[in-house]
Amino acid sequence: MNKRRITPGALLRRNGVQTILASLLCILLGLLVGYLVLLVINPQGAWDAILAILKNFLYYPSPAAATKYFGTTLVKASALLLCSLSVLFAYKVGLFNIGAAGQFVVGAGASLFFGLGLHLPWYLCLLAAVAAAALAGGISGALKAYFNVNEVISCIMLNWIALYCVNMLLATVKEQSTPYTRPLSSVNKGALLPSLGLPAFFSGNEFVTLGLPLAVLAAVLVWVLLEKTKFGYELKATGLNKHAARYCGMKEKRNLIVTMMISGGLAGLGAAVFYLCGIEQWMVQQTSVPAMGFNGIAAAFLGGLNPIGTIFSSYFIQHITSGGSYVDTGMYSSQISDLISAFIIYLCGFVLFFKLWLNRLLDKRDRKLSEKQEGGKA
Amino acid sequence: MEKYAIEMLNITKRFPGITANDNVTLQLKKGEIHALLGENGAGKSTLMSVLFGLYQPEEGEIRKNGERVAINNPNDANEMGIGMVHQHFKLVECFSVLDNIILGAETTRAGFLMKEEARRKVVSLSEKYGLYVDPDAVIEDITVGMQQRTEILKMLYRDNEILIFDEPTAVLTPQEIRELMQIMRNLAAEGKSILFITHKLAEIMEAADRCSVLRKGKYIGTVEIKDTTPEKLSAMMVGRDVNFVVEKKTAELKDVVLKVQDMTVASRQHKNNAVNGVSFQVRRGEIVCIAGIDGNGQTELVYGLSGLESLQGGTITLGGTDITRLPIRRRLTMGMSHIPEDRHKYGLVLDYTLEDNIVLQRYFEPQFTNKLGFLKRKEIRSYASRLIEQYDVRSGQGPVTRVRAMSGGNQQKAIIAREIDKDPELLIAVQPTRGLDVGAIEYIHRQLVAQRDAGKGVLLVSLELDEVMNISDRILVMYEGEIVGEFDPRTVTVEELGLYMAGSKRAKESGPHMAGGGAKESGPYMAGSKRKEEKADE
């Protein structure tokens, strides 16, 4: 009957197209607002500052230095990617996992303790991190399923419980004179993630390891799980309409708990790939939950809640966050980069808003069209 | 000419595709109790919304004390002294009775609440009308009857003259109902005008002075209660004209597929049981219809059968197996199909595509999921396409249309295709034609009859008497959570059914011998019936 042609309407319907449009819009708006704020604070340095944030590692004139710091950004981005996958996964099932931050902390604690305290090899440390974080997520899931405790509340409380427990745990493996955990490279080299020869591509940046491909692989796996499997079909149905899920006999309580466990496991994996490459040590006197998990929320939304999209959004957010350290601190306080990325992150919320609005518009049009068709046939 | 407190004259309100009120007139005298009677969807709610300014009618006018007034929004209605007790109370659960009464009409001085003044007024009002309730009790601790009194006091506190009660007795115990009737009479005696919306004929006969009847949006008439009988009112409410005639053969009864014994389900709304010790059977090859007015336990009965709600007591047997404690999925795979009452809440995942919704009950079967847990998208597509073709489900983009973008009739067709194609032993259909146009209704009725003729058991829950009379082989009437009568549609009249549905009559004991109960009264109506019966041997 009608030829298969890609109409503008059908093109706009495509989730990917919508997401990319919306995300780009948010980034632009965020940068604009950030620039305006810089202008207000100090008009002279505003342009240079925004450029520095955008350039990040390109700040270094030598290509070797630039590639090295590109590697560092990628390492951090891969941890962020896993955190954002954690948020995304839960969100698809109708849960808001603000506890990714706490699960990240649990993962850090488990991986470092297994590496430094128990001297176990890297793969066991990795597994321990995933398992411990999955357990932490599962607690919130079970509370939600059986006692209808809002997962946001239980997650936030668990974030703090996790932080102080991990501080206590890791105090047993800290250096004598500093509040930092002992470096893995001197205590237990076997706990460091295998490099797979990757540092050669990044001017010998030894922190680039298995973690990078692992994070990308996780994104692909999450996508496959959600889009291609029976399990994903069930989880998404539960998230979109839990009444209908119950009506057709899905076990919505089990789905809630399993979802939070997988979500927690992803955040834990994020912590493992970050701390097991040795790029940072844990500071056992920390009094705030690391921002990685919270930034994961932003990356998930900026990526349009698509696992593949989050690969790019995670990189972008890490890019500007790292870029912030190159801003001239003589003109601006050092927190300015956080402020700019906060603007962009804040505007990420509009990705969903924009999509909602666009879909309503298209639905309205489609309904009119189908009514016309039905009228014609009858 | 007599002055009316409020008059709605020749109101016509149209919505796309339907005339909700067609030339409706309602005249409320000062100091009378006026009942408004009509089936579900008769247009009562629309008429009240017009009175409260939520809708503007296309034609007609509203008069207060003989003068034409404009009501553009609920605030206008409040200013004219019109108040309403809604079926579901609008109370703040954790506030006291007094706080709820003054909420929105607080007396303040310099920003501080003058509660003592309010308390004096409330106490004097409750003494004047016999509305005893403790002003300091917290709403969540008091009975539904007391909550309703709070709602009534709210209207009186605002000096409302016209009091509307929307189905006020639905949630009350018999004693509370008696007390409410007395309160209403006290109010009327003090010069308040009362509009009493209900389905229950006995209550109208007891309390009202006059009654106006609506049917399918049309104004049927207003009668004096002293000149009428429940039978006459019932006839006015349900009408005599049967709209659709479904051709069907005589039922060929086979073995019992569903057996329910003493089923009891708790209510989410009130403390009584929603379903109270119900027993019945459905055989293969028959359509059993549960008739009744909305809110008499039909919804909970189906929740109990499908497993959405657990039973307080009793057993359910499906095809010889006790399924009382089985999970939902097991019941469904054992041959139960369920067309749910609320297709948006339960029947569909609106943001899923049509094909994903069509396999919602079968996606886990080996034909759609391989051993590794991956969905077989190709098979899903071809299965969905076949059903879309076979059941004529129309949509913008075929299998990949988001269901949210489809029309209500086609959404329902998709559910019916899904549930019938499962080849069930028992098909439970709850209000399957609600909100659909004539063509879709006819289609769905044909499908239900076809299932029966294929030897399935069909349990139909319907609020539409036409539907009940036309396609069922056996009728069970539910009233206040119990089955109050069992009838054969060939021998019972709609008037008779109406009396059972409204609680004016009930069988002493329900059983098969009841089936002929209405036979004596099937007089001229049945003779003139347009029913077409075809003998199986013809």
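This is a predicted model: local features need pLDDT of at least 70, side-chain atom pairs count only at pLDDT 80 or more; totals for chains, interfaces and linings use all residues.
The predictor assigns the complex an ipTM of 0.78 and a pTM of 0.72. For chain B the average pLDDT is 84, and 90% of the residues score at least 70.

Chain A contains 15 helices and zero strands. Its C-alpha atoms occupy a box of roughly 85 × 55 × 40 Å along the principal axes. Of the 378 residues in chain A, 49% are buried. Among contacts in chain A with a separation of 6 or more, 76% are between residues 24 or more positions apart.

A:L95 lies in the loop between α4 (63-92) and α5 (100-117) of chain A. The residue counts as buried because 25 other C-beta atoms lie within 10 Å, where the cut-off for burial is 20 or more. Leaving aside residues up to four places away in sequence, A:L95 touches A:A90, A:E151, A:T259 and A:M260. A:I139, by comparison, is 44 residues from A:L95 in sequence, and the C-alpha atoms of the two are 14 Å apart in space.

Chain B has 18 helices and 24 strands. Buried residues account for 44% of its 538 residues. Of the contacts in chain B with a separation of 6 or more, 69% involve residues 24 or more positions apart. The chain is divided into domain 1 (4-238), domain 2 (248-335 + 424-534) and domain 3 (344-423). In the contact between domains 2 and 3 of chain B, domain 2 contributes 11 residues and domain 3 contributes nine residues. On the domain 2 side, helix α15 (residues 438-453) of chain B provides the largest share, four residues. The residues on this side of domain 2 comprise seven nonpolar, three polar and one charged.

An open sheet in chain B consists of four strands in the order β15-β14-β17-β18, with antiparallel pairing. β15 (273-283) and β18 (321-322) of chain B are at the edges and have a single partner strand each, so one side of each lacks a neighbour in the sheet. Strand β14 (residues 256-266) of chain B is joined to β15(B) by seven bridges, and the two run antiparallel. Within this pair, B:K259 has B:Q281 of β15(B) as its bridge partner. Elsewhere in chain B, strands β11 (residues 210-215) and β12 (residues 218-224) pair in the antiparallel sense over six bridges. B:C211 is bridged to B:V223 in β12(B). The hairpin of β11(B) and β12(B) has two residues between the strands, and B:K216 in this hairpin takes a positive phi near 50°.

Helix α17 (residues 494-501) of chain B is largely enclosed by the rest of the structure, because eight of its eight residues are buried. These buried residues are B:V494, B:E495, B:E496, B:L497, B:G498, B:L499, B:Y500 and B:M501. The elements that cover them include the helices α7 (201-207), α8 (230-238) and α16 (465-471) of chain B. The strands β16 (287-291), β22 (474-479) and β23 (482-487) of chain B are also among the covering elements. After α17(B) comes B:G503, with a positive phi near 80°.

The contact between the two chains takes 23 residues from chain A and 30 residues from chain B. On the chain A side, α10 (230-240), α11 (242-247) and α15 (336-377) of chain A each supply at least two residues. α15(A) provides the largest share of this side, eight residues. By class, the chain A side has nine nonpolar, six polar and eight charged residues.

Conventions:
Residues are numbered from 1 along each chain as its sequence is written. Chains are lettered from A and ligands numbered from 1 in the order in which they are written. Domain bounds come from an automatic or database domain assignment. Two residues are in contact if their C-beta atoms, placed from the backbone, lie within 7 Å. Ala, Val, Leu, Ile, Met, Phe, Trp, Tyr, Cys and Pro count as nonpolar, Asp, Glu, Lys and Arg as charged, and the others, Gly among them, as polar. A residue is buried if 20 or more other C-beta atoms lie within 10 Å of its own, exposed if 12 or fewer, and partly exposed in between; C-beta atoms are placed from the backbone. Two strands pair if DSSP finds at least two bridges between them. pLDDT is the predictor's confidence in each residue, from 0 to 100.
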